[in-house]
Amino acid sequence: MIIAVDGPAASGKGTIARALAKRYGLPHLDTGLLYRAVAATVLREELDPEKEADAVAACDFPDSLLDDPWLRTDDVGKVASVVSAHPLVRASLLQRQRRFAGQPGGAVLDGRDIGTVIAPDADVKLFVKATPAIRARRRHDELRRNGANVSYDRVLADIRARDERDSRRADAPMRQADDAALLDTSFLSIDAAVQRAVELVEARKAAQA
Ligand SMILES: Nc1ncnc2c1ncn2[C@@H]1O[C@H](COP(=O)(O)OP(=O)(O)OP(=O)(O)O)[C@@H](O)[C@H]1O
Ligand SMILES: Nc1ccn([C@@H]2O[C@H](COP(=O)(O)O)[C@@H](O)[C@H]2O)c(=O)n1
């Protein structure tokens, strides 16, 4: 079974994807990490994220980079959203994601274009959303827990800018696939959001049986 989980930054899609992977015994890929690894390489090598050729050169990163906690920071996330708009960067990361999705038994992938581009034939597609203010609150809390000294207003502005870039780019913009179930986590606890996701997966499985 392939489960595609898409949605904007800090909507809770990673939390839900990890929980679904555990529940159904499937491997999980956080595809945002791949774009973050490209961004981190661009930053480390002092390349220009706006230049497609520079970003493409950064796609050849070592797998070990994916474990670097630096990738999870907001600064890297912002640059990830810039490099991810280049079609040649997306093309360079496409096969890796498709191979992961296509492994025997299936997989859970979360990102922005899983249900639309990476795995358009996924058995189950979820689009996870929450209001920008609630997402900013969650991300701000998370950053503060991790020791970052950043204001809520700055986090909200970053989230809005990232939404804008991710949904307006020409190639593989973030959007809900026509056949994806919408899961609004704005007023759900983590447990309730995961429970709802499981219900949606079970409903989709039953409809396909
Ligand atoms: N339903 C929820 N209620 C409260 N907090 C939540 C909920 N879902 C997730 N969170 C928290 O919000 C933060 C962002 O969640 P998560 O990392 O799953 O989002 P994401 O959509 O994968 O973000 P990104 O695209 O930036 O990787 C985390 O600190 C997580 O614990
Ligand atoms: N399938 C995807 C996944 C991510 N992106 C881009 O990467 C940025 C960081 O992603 P996170 O999920 O780790 O926040 C994101 O803002 C997107 O620009 C993507 O394009 N496609």
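Modeller: Let us begin with one packed element. This is a predicted model, and in it the buried residues of helix 4 pack against helix 2, helix 3 (52-57), helix 5 (87-101) and helix 8.

Biologist: Which residues of helix 4 are buried?

Modeller: They are Val76, Gly77, Val79, Ala80, Ser81, Val82 and Val83. With seven of its ten residues buried, helix 4 is mostly covered.

Biologist: What pattern does the protein follow along the sequence?

Modeller: The order is β-α-β-α-α-α-α-β-α-β-α-α-β-α. The secondary structure comes to nine helices and five strands. The radius of gyration is 16 Å, close to the 17 Å that the globule rule gives for 209 residues, so the protein is as compact as a globular protein of that length. Along its principal axes, the C-alpha trace spans about 50 × 35 × 30 Å.

Biologist: Which residues come nearest to ligand 1?

Modeller: Of the 17 residues around ligand 1, the nearest are Gly12, Gly14, Thr15, Arg138 and Glu142. Helix 1, helix 7 (132-145) and helix 9 (190-208) each supply at least two residues of this shell. By class, the shell around ligand 1 has five nonpolar, eight polar and four charged residues.

Biologist: What does the UniProt record say about this region?

Modeller: An unreviewed UniProt entry carries the annotation "binding site" for Gly7, Pro8, Ala9, Ala10, Ser11, Gly12, Lys13, Gly14 and Thr15. Such an annotation may be inferred rather than shown by experiment.

Biologist: Is Gly14 buried or partly exposed?

Modeller: Gly14 is partly exposed, because 19 other C-beta atoms lie within 10 Å, whereas a buried residue needs 20 or more. Gly14 is found in helix 1. Leaving aside neighbours within four places in sequence, Gly14 is in contact with Asp30 and Asp110. Thr15 is also found in helix 1, and with 19 C-beta neighbours inside 10 Å, Thr15 counts as partly exposed.

Biologist: Which residues are closest to ligand 2?

Modeller: The shell around ligand 2 has 14 residues, and the closest are Gly32, Tyr35, Ser81, Ser84 and Gly111. The elements that give two or more residues to this shell are helix 2 (32-44), helix 4 (74-83) and helix 8 (152-168). By class, the shell around ligand 2 has three nonpolar, six polar and five charged residues. One of the closest residues, Ser81, is also among the buried residues of helix 4.

Biologist: Where is Gly32 placed, and with which residues is Gly32 in contact?

Modeller: Gly32 lies in helix 2. Beyond neighbours within four places in sequence, Gly32 is in contact with Ala80 and Gly111. Gly32 counts as buried because 20 C-beta neighbours lie inside 10 Å. From Gly32 to Arg44, twelve residues apart in sequence, the distance is 18 Å, C-alpha to C-alpha.

Biologist: Where in the chain do Ala10 and Ala172 occur?

Modeller: Ala10 is found in the loop between strand 1 (2-6) and helix 1 (13-24). Ala10 is buried, because 25 other C-beta atoms lie within 10 Å. Ala172 is found in the loop between helix 8 and strand 5 (181-184). Ala172 is buried, with 20 other C-beta atoms within 10 Å.

Key. Residues numbered from 1 in each chain as written. Chains lettered and ligands numbered in written order. Predicted model: local features only at pLDDT ≥ 70, side-chain atom pairs only at ≥ 80, totals over all residues. Near = placed C-beta within 6 Å. Helix = DSSP H or I, 4+ residues; strand = E, 2+ residues; numbered from the N terminus. Nonpolar A, V, L, I, M, F, W, Y, C, P; charged D, E, K, R; others polar. Buried ≥ 20, exposed ≤ 12 C-beta atoms within 10 Å, placed from the backbone. Contact = placed C-beta atoms within 7 Å. Rg over C-alpha atoms; globule rule 2.2 N^0.38 Å.
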